[in-house]
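Here is a short briefing on a single model. Please keep the sequence and the 3D view open while reading.

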Amino acid sequence: MSIAIVAAHIGETAVPAVFIFGDSTMDVGTNNFLPVSQEIKADFYYNGIDYPFSKPTGRFSNGYNTADRIVKLLGYKKSPPSFFALLNDSPTFKRNLLEGVNFASGGSGILNTTGLVYNNFMSLGEQINLFATVLSNITELCGPAAAATLLSKSLFIVSSGSNDILEQQRSRAPLSPDFLDNLQSTYADHLRRLYNLGARKFAIITIPPIGCCPVERSYNGSECLQGANEFARQFYNATETLLQQLSSQLSAMNYSIGNSFGLTLDIMGNPLAFGFKEIRKACCGDATTMCNQTASLCQNRDEYLFWDRFHPTQKTAELAALTFFGGSHRFMKPVNFSTLAAINIV
């Protein structure tokens, strides 16, 4: 491919490519290619029941997830495929990289040790290692200058941290200030590395009140686990401070932080206003069992906040994406994703 063609692609849109990192809320099929535990796979029915042709794609959803919806709002016809799906199509691998890649993996976390219990080695750090190989391929394809321009205008979406908290709970270790400090320092290292690799526009999605997901409620008589929620709130505050610090140190860094914690609490405080009738139970399966073809399945999926014991429904994901993309300062700081995407990097 000529540099002229690459330059034309870069000039077609304010965001020529989208690179996505994180956990199962962003995963579009990464775990389909990994020898991980069945517990963190979603390439089987009823997953995907509302996806085109009712196809289970590896998304932990009845249909599309938040990554899909954000990318569509950016003007793309579809979300970038997983790195491994692109790798399997070797003739077009390099060219397809120019529109972005999804590295997100269900069960992964900020810490390298998170997910190992499921035989998942695709931590956020390992996802960034894969991005480094993508950068090498893009540079080989179009040269260093064009590659740097492409990345500087691209959007880097990161959503991680929930699994770190869940595993800390399962190990009966405290959700302590030291644990929060460890998460934040590791997160800072990951974001700095992405910046050093060429990222300039960071779209960060923080942890929702995970103490209110069905599996967590099951430990507390169907009520939210307030300890987990309080830690998620602290994580949001610490991440906001971290991004302010990083952007003051890294001169070309631009960012937007989406407050999943506040948004979800807002929905749960007045669910009918958002079209939800069930905010406690899973639509597929229940608080202790996986979603699969033998599980119970609700019929009115758009009225459920949760698809399975951990993950949001397609309806919830769409609402979140709309908020992240165009929401006000109440949930988006210092700008929303659409404003971030429009920033002109020269």
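The points below cover the sheet, the helix packing and some backbone details.

This is a predicted model. Six strands form an open sheet with mixed pairing. Helix H5 (residues 124–142) packs with helix H8 (residues 177–197), and the axes of H5 and helix H6 (residues 144–153) also approach each other, coming within 7 Å.

**Sheet**

- The strand order is S2-S1-S3-S4-S5-S8.
- Strand S2 (100–102) and strand S8 (332–333) are the edge strands, and each pairs on one side only.
- Strand S3 (residues 155–159) pairs with strand S4 (residues 201–205) in the parallel sense, over five bridges.
- Val-158 has Ile-204 in S4 as its bridge partner.
- Helix H10 (residues 226–249) lies across S4, strand S5 (254–258) and S8. H10 runs at about 175° to S5.

**Helix H5 and its end**

- H5 has 19 residues, which at 1.5 Å a residue should span 27 Å. The end C-alpha atoms of H5 are 27 Å apart, so the two values agree.
- Gly-143 follows H5, and its phi is positive, near 95°.

**H5 with H8**

- The two helices pack at an angle of about 5°, and their axes are 10 Å apart.
- H5 and H8 are therefore roughly parallel to each other, since angles under 35 degrees count as such.
- On the H5 side, the contact is made by Leu-124, Gly-125, Ile-128, Asn-129, Phe-131, Ala-132 and Leu-135. They meet Tyr-187, His-190, Arg-193, Leu-194 and Leu-197 in H8.
- By class, the contact of H5 with H8 has eight nonpolar, three polar and one charged residues.

**H5 with H6**

- The axes of H5 and H6 come within 7 Å and cross at roughly 130°.
- H5 and H6 are therefore oblique to each other.
- The crossing of H5 past H6 is right-handed.
- H5 contributes Phe-131, Leu-135, Ile-138, Thr-139 and Cys-142 to this contact, while H6 contributes Pro-144, Ala-146, Ala-147, Leu-150 and Leu-151.
- The contact of H5 with H6 divides into nine nonpolar, one polar and no charged residues.
- Phe-131 and Leu-135 of H5 take part in both the contact with H8 and the contact with H6.

**H2 with H12**

- Helix H2 (residues 66–73) and helix H12 (residues 314–326) pack at an angle of about 45°, with 8 Å between their axes.
- That angle makes H2 oblique to H12.
- H2 passes H12 in a right-handed crossing.
- From H2, the contact residues are Thr-66, Arg-69, Ile-70 and Leu-73. Their partners in H12 are Gln-314, Ala-317, Glu-318, Ala-320, Ala-321, Leu-322, Phe-324 and Phe-325.
- Eight nonpolar, two polar and two charged residues make up the contact of H2 with H12.

**Backbone details in loops**

- The peptide bond from Tyr-45 to Tyr-46 is cis, with omega near 5°. Tyr-46 sits in the loop between strand S1 (18–22) and H2.
- Phe-53 is found in the loop between S1 and H2. Phi of Phe-53 is positive, near 65°, in a residue other than glycine.
- The peptide bond from Lys-333 to Pro-334 is cis as well, with omega near -15°. Pro-334 lies in the loop between S8 and helix H13 (337–342).

Note on methods
Residues are numbered from 1 along each chain as its sequence is written. This is a predicted model: local features need pLDDT of at least 70, side-chain atom pairs count only at pLDDT 80 or more; totals for chains, interfaces and linings use all residues. Side-chain values use heavy atoms; hydrogens and water are left out. Axes are lines fitted to C-alpha atoms, for helices over the stretch in contact, and angles run from 0 to 180 degrees between N-to-C directions. Helices (H or I, at least four residues) and strands (E, at least two) are DSSP runs, numbered from the N terminus. Angles under 35 degrees count as roughly parallel, over 145 as roughly antiparallel, 65 to 115 as roughly perpendicular and the rest as oblique. Contact means heavy atoms within 4.5 Å. Ala, Val, Leu, Ile, Met, Phe, Trp, Tyr, Cys and Pro count as nonpolar, Asp, Glu, Lys and Arg as charged, and the others, Gly among them, as polar. Two strands pair if DSSP finds at least two bridges between them. The expected span of a helix is 1.5 Å times one less than its number of residues. A crossing is left-handed if the near helix is turned anticlockwise from the far one by less than a right angle, and right-handed if clockwise.
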